[in-house]
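Here is a short tour to read with the model open beside you.

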Amino acid sequence: MECRVLSIQSHVVRGYVGNKSASFPLQVLGFEVDSINSVQFSNHTGYSHWKGQVLTADELHVLYEGIKLNKVHQYDYVLTGYTRDTSFLEMVVDIIQELKRANPNLVYVCDPVLGDHGSMYVPQNLYPVYKNKVVPVADIITPNQFEAELLTGKNITTEKDAVEVMDLLHAMGPDTVVITSSDLPSRLGDRFLVSLGSQRKVRPDGSRTTQRVRMEVHKVDAVFVGTGDLFAAMLLAWTHHYPDDLKMACEKTFSVMHHVIQRTISYAHGEKTHQEVFRHVCFVNGFVDGSVCHKNTSASFITLNSPQTLMCLFNILYVYIIFLCSV
């Protein structure tokens, strides 16, 4: 059965961020992806120079109306990422609310891109729109620690704080929360990053249950852009296949990230041919080998700490075909 995603994200001519990071992996996993490019830039804005166009809220509305007129606006998922304009973001919310009225089972996956490491890299007037309008209609959100703290007004200094923040985010709307990176100390040492997840479910008898997931992620000594876009897309895919098992969805997502990044690093070091890298990515849906999961009973967390599947860092460049865009 066809599963269709509306992905509203950025587009670049050179490089892989936004829709160029998310669309192809989703298609590999069998999803139909309709892309609306919130911006069209020559390259991402980390370069010294960039040129391009920004889609306005009115232009977004025109595109959506065209889809509606042809009666092809039936979606199972909406995926959004980086946005810089409040009116555009508010229009996205309006579209999602309309799509949810048409399909109450639609799942909205939101990467609330606001900033990191204590500072915002979007205009500050986006913050109240995310907090008051976007997060309440989201079903799955993937903030980093800074974004989670900003949205809830609570600092994270302990694992208990992180659980309370995730519960506050649940109370705002989303049933699934994954804090993609944090400053919490890892039990495995300072070469590991701690990520945390929480999924709230309603049992058939009406009672609620919450699954917590703790992930120990091996850091990689490199800094790039675009992995957040890949992560959100892969979490969408694997929560679709495992809607009641956040542990499995996170394990699959980490496995994909690990293998893509490791092959990319191997290519960057001249160890793989272009065809080998491409062939690996085309089988991105097949990698879950060697995972080790165990229950951390003291913290009620399921811990994923296999170095075979979890050696990746979210803020590393997702370049599934980096060999096409070497800088």
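## The nonpolar cores

A nonpolar core is a set of buried Ala, Val, Leu, Ile, Met, Phe, Trp, Tyr and Cys residues joined through side-chain atoms within 4.5 Å. Buried here means under 20% relative accessible area, exposed means over 50%, and partly exposed lies in between (1.4 Å probe, protein chains only). The model you are viewing is predicted: local features need pLDDT of at least 70, side-chain atom pairs count only at pLDDT 80 or more, and totals for chains, interfaces and linings use all residues. Residues are numbered from 1 along each chain as its sequence is written, and side-chain values use heavy atoms, leaving out hydrogens and water.

The largest nonpolar core holds 44 residues, and Leu60, Leu99, Tyr108, Tyr130 and Val134 have the most contacts inside it. Helix 3 (residues 86–102) gives the most to this core, with 8 residues. Helices (H or I, at least four residues) and strands (E, at least two) are DSSP runs, numbered from the N terminus. Another core, of 33 residues, lies apart from the largest one and includes Val5, Leu79, Trp238 and Val256.

## Strand 1 and its neighbours

Strand 1 (residues 4–12) is mostly covered, with 9 of its 9 residues buried. Strand 1 runs parallel to strand 2 (residues 32–41), and 8 bridges join them. The chain gets from strand 1 to strand 2 through helix 1 (residues 19–28), in a right-handed β-α-β crossover; right-handed means that, with the strands pointing away from the viewer, the path from the first strand over the helix to the second runs clockwise.

Strand 1 also pairs with strand 4 (residues 77–80), in the parallel sense over 4 bridges; two strands pair if DSSP finds at least two bridges between them. Ser7 is a handy place to look: its bridge partner in strand 2 is Ser35, and Leu79 stands opposite Ser7 in strand 4.

## Salt bridges around Glu159

The whole structure has 15 salt bridges, each a side-chain nitrogen of Lys or Arg within 4 Å of a carboxyl oxygen of Asp or Glu. In one of them, Glu159 meets Arg187 (3.4 Å, N to O). Glu159 lies in helix 6 (residues 159–172) and Arg187 in the loop between strand 9 and strand 10, so the pair ties together parts that are 28 residues apart in sequence. Glu159 counts as buried at 15% relative accessibility, whereas Arg187 is partly exposed at 46%.

Glu159 also forms a salt bridge with Arg214, the closest N and O atoms being 2.0 Å apart. Arg214, buried at 2%, forms a salt bridge with Glu216 as well (2.6 Å).
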